[in-house]
Amino acid sequence: MTRKKKRLYLLLLCGLGLGSATALTLTAFQDNLVFFRSPSDIAREAPAPDRAFRLGGLVESGSLTRSTEAGRPLARFVVTDGAAKVPVAFGGVLPDLFREGQGVVTLGKLGPDGVFMASEVLARHDETYMPPDVADALKRSGHWNPNQGAAPPASSWNTLQPGRGGG
Amino acid sequence: MIPELGHFALGLALALSLAMAGFGLVGAHRAEARLMGLAPPLAMGALLAVGMAFLCLVASFMVNDTTVSAVVANSHSLKPMLYKISGTWGNHEGSMLLWVLILALCAGAVAGFGRNLPSALQSRVLAVLGLIAAGFLAFILGTSDPFGRVWPPPMDGNGLNPILQDPGLAFHPPLLYLGYVGFAVTFAFAVAALIEGRVDAAWGRWVRPWALAAWSFLTLGIALGSWWAYYELGWGGYWFWDPVENASLLPWLAGCALLHSAIVVEKREALKTWTVFLALLAFALSLLGTFLVRSGVLNSVHAFASDPSRGVFILALLMLYVGGGFALFAWRAQAMAPTGVFAPVSREGALVLNNLLLCSVAAVVLVGTLYPMFADLVLGQKISVGPPFFNTATLPLAVPLVGAMAVGPFMPWKRARLWPALQKLWWVALMALAAALLCLALEGVRVGPALGFFAAAWLIFGAAADVAQRVGLFARPKAALGRALALPRAAWGGALAHGGLGVTILGLAGMGLAVDRLALLKPGESVELAGYEYRLEGVADAAGSNFAARRATVRVTRQGREVVTLHPEKRSFPLARMTTSEAAIHTTWLEDLYVVLGEEREGGVVLRIHDNPLAPWIWLGAGIMALGGGLSLSDRRTRVAAPAAKAAAKAAGTVRA
């Protein structure tokens, strides 16, 4: 085998590796990309029923109820971005930093009854923290104009009226 | 006074690093021995200065000097001493200082132990390290001064994030940084080789120990981080494909490829350009990791502060070093003609395959990590890429990688045939098959875990077969012991590292069989999981040095016999206004019993109980891998062969002159 031929083989092998990596990435992307949706997004356009996505917003004050169904604790709460709201059901231990009136990101699927069945609830930060996706959704729903200073205290957000909230 | 001294030492270190870079580069270019001779003492001086600055910061944290802003933001007088010290690098400023300290240590090691390096190579390597150190020192002094003062001083500090107050996490950053920064040395060697336009076997021999050391430390650092996530975050998982975790996995993958391809350079003088490329890539990915974690682009426990000016500065450094390195590569790589020739089926061929697959995995992980950021910036879409993506995309690449890992060591150099190598592995394949069948028989049709057990047995017994063949265990059993003792440590190290990955995969396969259960229990009630009975005895208040806790007592029995009493806790830290869950874990080495305390209501508590088979072996395997790396590092060849190579290089130099 000549050196040229060997180099060709090596290049072919590299191409094969790169090609398969690309193909794997693309197919995996197709099935596994998780989109972020705010309650307003869902109100505007219902997502596909079998597709998992991330729902983010504020936990509406006073909406949290806990019960036990079939031996499993079940938490129900409402996620809002001021303009729209989505009821959420979660069968698990809520994170330590989960609070009503605070930002939350949940991962799950929207059921046919319009209840979001969460498989994961993320609230990992301290109580002044606002998940960036949630902050962005709130900006879009007209609750906060970042040019006019910092975000108002999270606990008061869901009582504000769309359009005039956030100064 | 002490903070000012530290601040001054940092400035001094910056000047010394710049001098080291200037004298090193100019001296090597003009071949002036006197200029080149300045680089090692300057490296030592920079090390002293950075060490001084670091000690000053540690001292400020130890005495809780509340006039220093970094102390105020991250420490508190009531914190245990260990966390006061580890708090030094538990924040942005201190962790960058630690980064530079380790870089200075590496440069000091090159200066101290590298006396048998050709002096031009040594001073170029030191010069590049000096340039990198200068950039990061400027970053520290310019945007994240750890010695900034506050006036008037507050009564006390704000405390360290409670979930970071943990012994595992006290050592996680230093180990990880030793890995990241170790690749700075291989990067410096690669740049020096590109400037010289020459890569030979001796170069491979010098680079490999650094790649090995960096890789071993990175392995330990990643394992420690994963272990911490397992017991501290209380989610029962060990790896979440979080961007920050990926940021440390990427240089690990590239470094793993590098230390394998450096073998080919050392033994066969082939794959030179590729190895230089990998050395650049490993450090580029380390810097990318530093950028992702430090700039606040990502939101996680690691993102201490999102100050845009810092992000831009690190990005500029990243562009400068990585862009500079790759531009040099594009310009000079032609100069390094390959000399070694080999057939596709050979040890070299197997190592090429290893490199190819490792780099493909790295590419997939890189795309998955960066795509959400790209989509947000360019397409305006909010997307996240979770574990399912990484699992489906990397598994098809990991399968051939693991398959080839056991076969590769049986292939001779230059030219080999596949069939004889496979024939030596028939009993290994049989054992692996038995492991998979055992899993299927015990646990039912679970493809993932069965595949995992197959891979684990394939690697562990493959490593054993490798050693057995080298010592001639089957051919001449009597002489085997003597040959085992005479076997080079590098051979033991390689087999150990491969076996260690097998052990880790064993743990991963076991975790594939993990079960968990959520239950609302009142005191006296019990729940059953995986053959164990968990009985809640009660919940009581408990107090710690800087937190108050609710503490549950859970008695675990198996068929009426007492196993253990577990105490999961929920701690609330008044200073940080944070609550953390302290999982209670009991390990039998075959499985972990893992209990997390949830919320209290209706006179009962919610308990989340996990049964994690073989979980401890994940991190134990990583420890074995690192041990293998260390053993390989202690091989005589890495120490003894260097002077011989120097003599050869000198001879070559005189011939050329």
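Two residues are in contact if their C-beta atoms, placed from the backbone, lie within 7 Å. The structure is a predicted model, in which local features need pLDDT of at least 70 and side-chain atom pairs count only at pLDDT 80 or more, while totals for chains, interfaces and linings use all residues. Residues are numbered from 1 along each chain as its sequence is written, and chains are lettered from A and ligands numbered from 1 in the order in which they are written.

## Where the chains meet

In the model, 32 residues of chain A are in contact with 36 residues of chain B. Of the elements of chain B, helix H12 (347–379) gives the most to this side, with seven residues. Others that each supply at least two residues include helix H13 (387–407) and strand S10 (591–601). Helices (H or I, at least four residues) and strands (E, at least two) are DSSP runs, numbered from the N terminus.

By class, the side of chain B that touches chain A has 22 nonpolar, nine polar and five charged residues. Here Ala, Val, Leu, Ile, Met, Phe, Trp, Tyr, Cys and Pro count as nonpolar, Asp, Glu, Lys and Arg as charged, and the others, Gly among them, as polar.

## A strand pair across the chains

Strand S1 (residues 33–37) of chain A runs antiparallel to strand S1 of chain B, and three bridges join them. Two strands pair if DSSP finds at least two bridges between them. In this pair, A:Phe35 stands opposite B:Ile383.

## Nonpolar cores

A nonpolar core is a set of buried Ala, Val, Leu, Ile, Met, Phe, Trp, Tyr and Cys residues joined through C-beta atoms within 7 Å. A residue is buried if 20 or more other C-beta atoms lie within 10 Å of its own. The largest core has 210 residues, and B:Ala107 is one of those with the most contacts inside it. Helix H8 (residues 201–232) of chain B brings the largest share of this core, 20 residues.

Leaving aside residues up to four places away in sequence, B:Ala107 touches residues including B:Ala43, B:Leu126 and B:Ala133. A second, separate core of 42 residues includes A:Leu94 and B:Val554.

## Confidence

The model scores ipTM 0.75 and pTM 0.89. For chain B the mean pLDDT (the predictor's confidence in each residue, from 0 to 100) is 87, and 94% of its residues reach 70 or more.

Over residues 300–305 of chain B the pLDDT is below 50, and over residues 640–657 of chain B it stays under 50. Where pLDDT is low, the predicted coordinates should not be read in detail.

Technical notes:
Buried ≥ 20, exposed ≤ 12 C-beta atoms within 10 Å, placed from the backbone.
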